[in-house]
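Hi,

Here is the structure I promised to pass on to you. My notes on salt bridges and on the contact between the chains follow below it.

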Amino acid sequence: MLKLILTRLALAVPQLLILSFLVFLLTYLMPGSPAAAILGYSATPESIAKLEAQLGLDRSFLERLGEFYAQLFQGSLGTSFLNGRPVLDLYAERLPATLSLIVGGLLVAILIGLTLGIIGGTKPGSVRDRISTAITSISLATPEFWIGIILLLVFAVQLRLFPVVSYVPLHVDPAAWARGLVLPSLALGIAGAALIARQTRTAMAGAMSSRYVDSLTAAGVPRRRIIFRYAFKNSLVPVLASTGLTVSIMLGASFAIEKVFGFPGVGGLLLHSVTSKDLAIVQGGVLLIAILIILVNLILDISYGLINPKARPA
Amino acid sequence: MPRTKAMITRAVVPFAAAALLLAGCSTGTASPEPTDDGGDATLRVNFGQFPENWSPGQEMEGGPMRIAYETLLIPGENGPEANLATDWELTADSLTLTLRDDVTFHDGTAFDAEAVKANIELVKGGTTAYAGPLQAIESVDVVDATTVVLNLSSPTPSLPVTLTSRVLPIGSPAAIADGSIATAPVGTSPWAYDDATSIVGTRMVFSEFADYWGEKPGFANIELVSITDPEASAAALVSGEIDVTDTEVDVFPRFEGTSIETLAYPAIRNNLFFFDRGPGGVFEKKELRQAVCTAIDLDQWAKIDGEGQPATQHFVEGDQGYSANIDGYPFDAAAAQKLYAAAGSPSVAVEMVGAPYNSRQIEIYMEQVRAALGNVNVTVTQLPPPQYNGEWNSGKYPLGLSSNDEQTAFEWYSAWFAAGAPGNPSGVESAALKAAADAAIAAGSGDEADALWAKVTETIADEALTCAHARGVEQLAWNSATVSGVAAPAERWEPKSVNYRDLTPAK
C-alpha cells in the first residue's frame with residue numbers, strides 16, 4: 001500500500017506542474033486588460049498603462065511566468081489586483097463553505113445513487129428498475145440550480161423549514177451550519193446521484209448474474225446477504241470510480257448552487273474574478289480545484305488498493 | 001413486503017427525524033424584531049455581491065457603499081447640500097470647504113481637513129475607477145482642522161456635484177494607511193461595520209454607531225447579505241429573511257398575494273456615440289449620423305426590453321444641461337432615408353461591440369438602422385465584460401454604446417465631446433461646440449450658466465454626436481410588513497441603492 005501511495009504522490013507532482021503552466025498560459029491569453037477592467041469607464045490609455053505597469057502586466061511572458069513559479073514555490077498564489085489581499089487568504093476563507101457543500105452533496109449523492117442503483121441492479125428489467133432508471137434520467141437531465149430553486153420555494157418559502165441565506169460557519173454554530181447545508185446538499189446531491197446510480201446498477205446487475213451468486217443462492221444463503229455482503233462489495237470498485245468523477249462534476253455544479261443559496265464559496269470568488277480579470281485569483285482558484293481533484297483521485301486510488309489487492313503495484 | 005417496508009422505515013425515519021431536528025434549529029443569526037420607534041431594529045438588505053474592495057475610489061454600488069460611508073456634500077433639490085462639509089465656495093481656481101467639527105470615524109479617530117486631504121489624494125492618485133473625476137484637483141491645502149482648499153488646474157463647475165457622488169466616500173485615514181479599509185469599511189455613517197458578528201462572504205453586520213454626529217436613522221442596525229440569484233433573493237424576501245432587495249421583473253409573480261411591494265427608478269443612462277467622426281472617418285458627415293439616429297426606434301426597443309425607458313437626451317428636466325429644445329431624433333424612416341441620401345448614401349460596413357448585458361439593445365438598434373437605411377450594416381460582436389469595458393470607447397470601433405454616469409453637463413462635455421476628451425478618440429470638436437462650452441464654463445454657476453450649458457447640449461444634439469438615449473431602471477422590492485418609507489434614493493443615477501435613512505420599521 002505504501003508503494004501505491006508513494007507512486008500516486010510522485011505522479012501528482014508532474015501533473016501539478018503541467019496544470020500550473022496551462023493555468024498560467026490560459027490566464028495570460030485571456031482577452032482584455034485587467035487594468036481597464038479595474039479602472040472602468042473613466043479609464044484613459046495613460047491610466048491603463050500606469051496601472052498595468054504597477055501590476056507588472058507590462059512585462060514579458062517569461063518574466064511573468066518566472067514570477068508566477070517563484071511565488072508558487074514559496075507557497076504563495078500572489079495577491080488580488082482588486083483588494084491587495086493574498087489569494088491564499090481569500091480561498092482559505094471560502095474553502096470551508098465549498099468543502100461543506102461538496103461533502104454534504106456527495107453524501108446525498110451516494111445515499112440516493114446507491115439506493116437507486118441497488119434497487120434497479122438487483123432486478124434488471126423489473127418495474128422498480130424502470131422506475132429507478134426513470135428517476136435517474138430525470139435527475140441527470142435537471143439542472144442543479146433549478147433543483148435548488150424548487151427546494152428553496154418549497155422548503156424555505158412555503159414550509160419555512162430551512163433558511164434561504166443558509167451558510168453559517170461550522171465554528172460559529174454547528175447546528176445552524178448543518179441546517180444551512182440541508183437544502184444546498186440535497187440540490188447538489190440529487191443532481192450528482194445519477195452517475196453513481198447508473199454505475200451501481202450496471203455493476204450490481206453484472207454481479208447478480210454471475211456464477212458465484214448462483215452458487216450462493218443454491219447454497220441457501222439469504223438474498224439480502226448475497227446482495228449486501230457479496231454482490232455489493234464486488235461492485236464497489238466501479239462505483240468508487242464513478243464517485244471520483246461525481247466529485248469532479250460536483251465541484252463545477254457547486255458554483256451554481258453557491259449562487260442560488262448565497263454560499264460564500266470558491267465558485268463565486270472565481271467567477272467574479274474571471275469577469276473582473278483578477279488574474280491571480282483565477283490562477284489560484286483553478287490550481288486549487290485541480291489539487292482538490294488530484295487529491296480525490298489519490299484517495300480513490302488508495303481505496304481501490306484497500307478493496308482490491310490486485311490494484312496494488314507489485 | 002413487510003420486510004421491505006421495515007427496511008424503508010428504518011432507512012427513512014432517522015433521516016426524516018434529522019431533517020426535522022435541523023429544521024427546528026436556530027440559525028444563530030436571527031435579527032432583532034422591529035420595534036415601533038425603531039429602537040434596536042435591524043434592516044436586512046440585499047444588493048447582490050459585496051464590493052471586492054471597500055476602499056474609497058474603488059468601484060462600488062451605492063447600496064453597500066452608503067451603509068458605511070458618507071460624502072462631503074449630498075444631493076438636494078436645487079443642487080448639492082451640506083453634509084460632512086457645512087459650506088463651500090467654488091471659484092475658477094479652487095473649491096474651499098468648511099467641515100463639521102463634530103464628526104468621528106467608526107474607529108474613533110476625528111474627521112478633519114487632513115482626513116479629507118488623505119481621501120482625495122488616495123482616490124486621485126490611485127489607479128482606481130473614480131480617479132478620473134478628481135484629476136482637476138491639482139493639490140489640497142489644509143488651512144486648519146475644519147477648512148480645506150482644493151486647488152484646481154482648470155475651472156471645474158461640476159466638482160461640488162462630484163463630491164455628492166460615489167467618487168469620494170470619506171474613509172478613515174488610519175484604516176486607509178494600514179490597508180484594512182479594503183475589507184472592513186470605516187466611515188462616518190450611522191452604521192459601523194461589526195467584524196465580530198459578520199460572516200465572511202455571507203452577511204455583513206453594521207451596528208449602530210453611538211458617536212454619530214447626525215440624527216438617528218429609523219433602523220439602528222443594518223445586515224447586508226449577498227444573494228446574487230434573483231429567484232433566491234425573491235425567496236429570501238417572501239420568506240421574511242430580508243426586508244429590501246434589488247430585484248428583476250422576471251420574479252414579480254413570486255410577490256403576488258404577499259406583502260412585498262416594488263418600485264422602479266431610473267438608474268442607468270446609455271447613449272449611442274459616433275467615435276469615427278474625424279476627417280475621412282466613417283461618420284464624418286453630420287447627415288449620416290443624423291440618418292442613423294433617426295432610423296432608431298426607441299419605443300420599439302423599450303417594448304422589447306420591457307423595462308427600459310426612451311429619452312430625448314442624457315439629462316432630465318431640472319438638471320443643468322437639460323434643454324426642452326432637444327427632440328432626440330424621433331424615429332422616422334422616411335426622414336432617415338432623406339438624410340442618408342443627403343449624406344451621399346454611403347455604403348457602410350463596420351463592427352461594433354457589446355457586452356452580455358447590452359448586446360441585445362445594440363443589436364436591436366443596428367437591425368433598425370439596417371432596415372431603414374439598407375446599406376448601413378453594423379456587425380455587433382459580443383465581448384466578455386472586461387474586454388468590452390476596455391475597448392468599446394477606445395477608438396477601435398467607429399461607434400459605441402454603454403452606460404454613462406456623468407452627472408453634470410460639464411462632466412458630460414469633458415468626458416465625450418471636448419477635443420481632448422477621453423471618450424472622443426477622433427479628437428475632433430466643432431468651433432461652435434467649443435465656443436458654447438467655453439462660454440458655459442466661464443459663466444461658473446447660476447441661471448446664466450444653466451442657459452449656456454443647455455446651449456452646449458443642444459449643439460451636441462444638433463451635430464448628432466450622440467443619440468438613442470435610453471434609461472435603464474433599477475427594481476427595488478421590499479416587505480411592507482417589516483419596513484416602510486422605501487423610495488428611490490436621493491442619489492440619482494445610482495444603481496442598487498435605497499434611501500436608508502428614511503426607512504423605518506413598519507408599524
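In this predicted model, 51 residues of chain A are in contact (heavy atoms within 4.5 Å) with 52 residues of chain B. The area buried between the two chains is about 4300 Å², taken as the accessible area (1.4 Å probe) that two parts lose on being put together, summed over both. Carbon and sulfur atoms give 62% of that area.

Across this interface there is one salt bridge, meaning a side-chain nitrogen of Lys or Arg within 4 Å of a carboxyl oxygen of Asp or Glu. The partners are Asp229(B) and Lys259(A), with their closest N and O atoms 3.8 Å apart.

Over all chains, the count of salt bridges is 23.

Arg166(B) and Glu61(B) meet at 3.9 Å, N to O. Arg166(B) lies in the loop between helix H4 (159-162) and helix H5 (173-178), and Glu61(B) in the loop between strand S1 (42-46) and helix H2 (62-68), so the pair ties together parts 105 residues apart in sequence. (Helices, H or I with at least four residues, and strands, E with at least two, are DSSP runs numbered from the N terminus.) Arg166(B) is buried at 10% relative accessible area, whereas Glu61(B) is partly exposed at 28%; buried means under 20%, exposed over 50%, and partly exposed in between (1.4 Å probe, protein chains only). Both residues also belong to a network of salt bridges that links them with Glu59(B), Arg66(B), Glu491(B) and Glu494(B).

The side chains of Arg254(B) and Glu231(B) form a salt bridge at 2.7 Å, N to O. This pair links distant parts of the chain, 23 residues apart: Arg254(B) is in the loop between strand S11 (244-247) and strand S12 (260-274), and Glu231(B) is in helix H6 (residues 230-238). Here Arg254(B) is partly exposed at 33% and Glu231(B) is buried at 18%.

Glu367(B) and Arg370(B) pair at 3.0 Å, N to O. Both lie in helix H10 (residues 359-373) of chain B, three residues apart, about one turn of the helix. Glu367(B), at 42%, is partly exposed, and Arg370(B), at 37%, is partly exposed too.

Local features need pLDDT of at least 70, side-chain atom pairs count only at pLDDT 80 or more, and totals for chains, interfaces and linings use all residues, while side-chain values use heavy atoms, leaving out hydrogens and water.

Best wishes

Key: Residues numbered from 1 in each chain as written. Chains lettered and ligands numbered in written order.
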